[in-house]
Amino acid sequence: MRQPLIAGNWKLNGTKVSAKALMTAVLEGAKEIGKAEIAVCPPFAFLDLGERLLSGGRVRLGAQNVCTEAGGAYTGEVSAAMLAEFGCRYVICGHSERREYYGETDAIVARKLAVVVSNRMTPILCVGETLEQREQGRMQEVIASQIDAIIEHNGIASFGQLEIAYEPVWAIGTGKTASPEQAQEVHDFIRHRIAGHDATIAAKVRILYGGSMKPGNAGELMSQADIDGGLIGGAALVAEDFLAICRAGDAAAS
Ligand code: PEP
């Protein structure tokens with residue numbers, strides 16, 4: 001296992017008061033965490049708060065999305081340079097909710113990855129198949145096409161500058177988790193796909209699992225050889241649960 005990364009995706013949740021309480025609790029609890037790297041990705045509106053509470057500390061700040069463009073007439077968008085200014089270390093790119101509800105294609109995701117990297121932040125590239133695709137036996141085809149599209153647009157070297165999150169769409173927010181064996185199979189597939197182009201990059205890239213990861217299943221998932229942490233949705237909104245997952249990451253790494 002590589003150094004685990006546990007990143008919380010808060011999605012569209014919280015108020016100024018609850019975001020402050022959650023960040024403060026995670027920051028306090030993080031003092032007990034040894035090896036695992038910890039990040040929280042609140043909505044844009046709370047990045048300023050995140051910068052003030054977290055900068056220089058143990059918990060890194062991330063964003064959930066970014067504009068492909070550097071600036072100009074793109075109402076409602078936020079640029080990578082703006083995220084970097086707020087001290088963001090990570091930016092989630094291509095989450096299945098963005099792909100499904102906002103029409104993000106692989107080409108758009110590739111451009112997002114590029115603007116994030118050029119602003120010295122690290123993208124978390126999300127990939128994953130739907131239940132229908134899995135049931136049709138198309139899981140590998142779907143994952144391969146999502147990975148290959150990034151290789152085609154941004155080059156294999158771009159995988160040396162990002163994190164990957166395997167998030168089976170059928171497991172996100174549903175309470176259904178991929179079994180450790182199911183998840184490991186896909187993580188292994190992704191690593192081999194990258195290794196086909198560059199074995200050194202493949203060995204180093206972190207592949208997080210996301211999809212109803214909870215304190216009760218995190219340890220078993222992260223004990224798999226190719227699961228290097230988690231991208232956590234629902235459980236990231238409860239400080240004790242999120243910290244319990246961080247501890248599981250620590251335990252898996254030792
Ligand atoms: C996510 O939103 O990336 C996610 C994995 O959500 P959940 O943990 O709630 O399934």
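1. Helices here are DSSP runs of H or I with at least four residues, strands are runs of E with at least two, and both are numbered from the N terminus. With that in hand, α7 gives four residues to the lining of the second largest pocket, the most of any element.

2. A word on the source: this is a predicted model, in which local features need pLDDT of at least 70, side-chain atom pairs count only at pLDDT 80 or more, and totals for chains, interfaces and linings use all residues. Residues are numbered from 1 along each chain as its sequence is written, and side-chain values use heavy atoms, with hydrogens and water left out.

3. Now the ligand. Its shell holds 14 residues, with Lys 11, Glu 167, Gly 173, Ser 212 and Gly 234 the closest (a residue is near if one of its heavy atoms lies within 4 Å).

4. Do look at the polar contacts (pairs of N or O atoms within 3.5 Å). A side-chain N or O atom of Glu 167 sits 2.7 Å from a ligand oxygen, and a polar backbone atom of Ser 212 is also 2.7 Å from an oxygen atom of the ligand. For Gly 234, a backbone N or O atom is 2.8 Å from a ligand oxygen. The protein buries 97% of the 290 Å² that the ligand exposes when taken alone (Shrake-Rupley method, 1.4 Å probe).

Notes. A polar contact is a pair of N or O atoms within 3.5 Å; within protein, one must be able to donate a hydrogen and the other to accept it, and residues adjacent in sequence count only if both atoms are side-chain atoms.
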